[in-house]
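This briefing covers the metal sites, the charged and aromatic contacts, the strands and the model confidence. Please keep the sequence and the structure open while reading.

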Amino acid sequence: MLCPVCRKPMVIVEFQSIELDTCLDCHGLWFDAQELNHLFDLAGCPRHLHGRHDLAAQVDRLPHVESRRRCPRCRRPLESVRAHSPADALILDKCPHGDGLWFDQGELESLLTARLGEDADALDRMRGFLGEFASVRRGPQDGLA
Ligand SMILES: [Zn+2]
Ligand SMILES: [Zn+2]
């Protein structure tokens, strides 16, 4: 699949039963719809907070905003969506047909941080998880796209 931003082939990274596509140039991440739920589970985000099984519940659609980026699966233009979070500046890109969601670098941590809120233990777990994930991403799979 091609990165929606750079249009270069992405690398598949597998980590703790999560398989996702990442771009080695811009460090964005593509999540298929169900993979995002797995990630919330692994990061310790309580299920009632992340709208399990319903990717659409994660985000609000911004009216009349069509992203210039395209879905790496179906090639339709992605929609800009606003994540439900106190930090409402977080705008993500979502496939209009529910294939998945695109995170620019840093947006995933912002979303998780907003979801976990005041729960310091959960925040620690989540940061540890993202740190491990980042080290996997920088590992031997790099360059094998
Ligand atoms: Zn890219
Ligand atoms: Zn799509």
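Phe31 counts as buried at 1% relative accessibility, where buried means under 20% relative accessible area, exposed over 50% and partly exposed in between (1.4 Å probe, protein chains only). The model is predicted: local features need pLDDT of at least 70, side-chain atom pairs count only at pLDDT 80 or more, and totals for chains, interfaces and linings use all residues. Residues are numbered from 1 along each chain as its sequence is written, chains are lettered from A and ligands numbered from 1 in the order in which they are written, and side-chain values use heavy atoms, with hydrogens and water left out.

**Aromatic pair**

- A search of the whole structure finds one aromatic pair; rings of Phe, Tyr and Trp (its six-membered ring) pair if their centres lie within 6.5 Å, and planes under 30 degrees apart count as stacked, over 60 as edge-to-face and the rest as tilted.
- The partners are Phe31 and Phe103, edge-to-face, at 5.5 Å centre to centre and 80° between the planes.
- Phe31 lies in strand 3 and Phe103 in strand 7, so the pair ties together parts that are 72 residues apart in sequence. Helices (H or I, at least four residues) and strands (E, at least two) are DSSP runs, numbered from the N terminus.
- Phe103 is buried, with a relative accessible area of 0%.

**Zinc ion (ligand 1)**

- Cys3 (SG), Cys6 (SG), Cys23 (SG) and Cys26 (SG) coordinate the zinc ion (ligand 1) at 2.2 to 2.3 Å. Donors are N, O and S atoms within 2.8 Å of the metal (3.2 Å for Na, K and Ca); water is not among the atoms, so sites may look incomplete.
- The site of the zinc ion (ligand 1) is tetrahedral, with angles of 104 to 114° among its four donor atoms. Four donors count as tetrahedral if all angles lie between 85 and 135 degrees; four count as square planar and six as octahedral if opposite donors are over 155 degrees apart and all others between 65 and 115; anything else is irregular.
- Along the chain, the donors of the zinc ion (ligand 1) have the spacing C-x2-C-x16-C-x2-C.
- Cys6 is in the segment before strand 1 and Cys26 in the loop between strand 2 and strand 3, so this pair ties together parts that are 20 residues apart in sequence.
- Cys6 is partly exposed at 27% relative accessible area, and Cys26 is partly exposed at 22%.

**Zinc ion (ligand 2)**

- The protein donors of the zinc ion (ligand 2) are Cys71 (SG), Cys74 (SG), Cys95 (SG) and Asp99 (OD), at 1.9 to 2.3 Å.
- The four donor atoms around the zinc ion (ligand 2) subtend angles of 104 to 114°, so the arrangement is tetrahedral.
- The spacing of the donors of the zinc ion (ligand 2) is C-x2-C-x20-C-x3-D.
- Cys74 lies in the loop between strand 4 (59-70) and strand 5 (77-83), and Cys95 in the loop between strand 6 (91-94) and strand 7 (100-103), so the pair ties together parts that are 21 residues apart in sequence.
- Cys74 is partly exposed at 24% relative accessibility, whereas Cys95 is buried at 0%.

**Salt bridges**

- Five salt bridges are found in the whole structure; the term means a side-chain nitrogen of Lys or Arg within 4 Å of a carboxyl oxygen of Asp or Glu.
- In the bridge between Asp25 and Lys8, the closest N and O atoms are 2.5 Å apart. Asp25 is in the loop between strand 2 (18-22) and strand 3 (29-32), and Lys8 in the segment before strand 1 (11-15), 17 residues apart.
- In the bridge between Asp32 and Arg73, the closest N and O atoms are 2.7 Å apart. Asp32 is in strand 3 and Arg73 in the loop between strand 4 and strand 5, 41 residues apart.
- In the bridge between Arg69 and Asp104, the closest N and O atoms are 3.2 Å apart. Arg69 lies in strand 4 and Asp104 in the loop between strand 7 and helix 3 (107-116), so the pair ties together parts that are 35 residues apart in sequence.
- A network of salt bridges links Arg69, Asp93 and Asp104.

**Strands 5 and 6**

- Strand 5 is largely enclosed by the rest of the structure, because five of its seven residues are buried.
- Strand 5 and strand 6 run antiparallel and are joined by four bridges; two strands pair if DSSP finds at least two bridges between them.
- Ser80 has Asp93 in strand 6 as its bridge partner.

**Confidence**

- The protein chain has a mean pLDDT of 78, and 77% of its residues reach 70 or more; pLDDT is the predictor's confidence in each residue, from 0 to 100.
- Within the protein chain, confidence is lowest in helix 2 (residues 47-50), at a mean of 56, and highest in strand 7, at 91.
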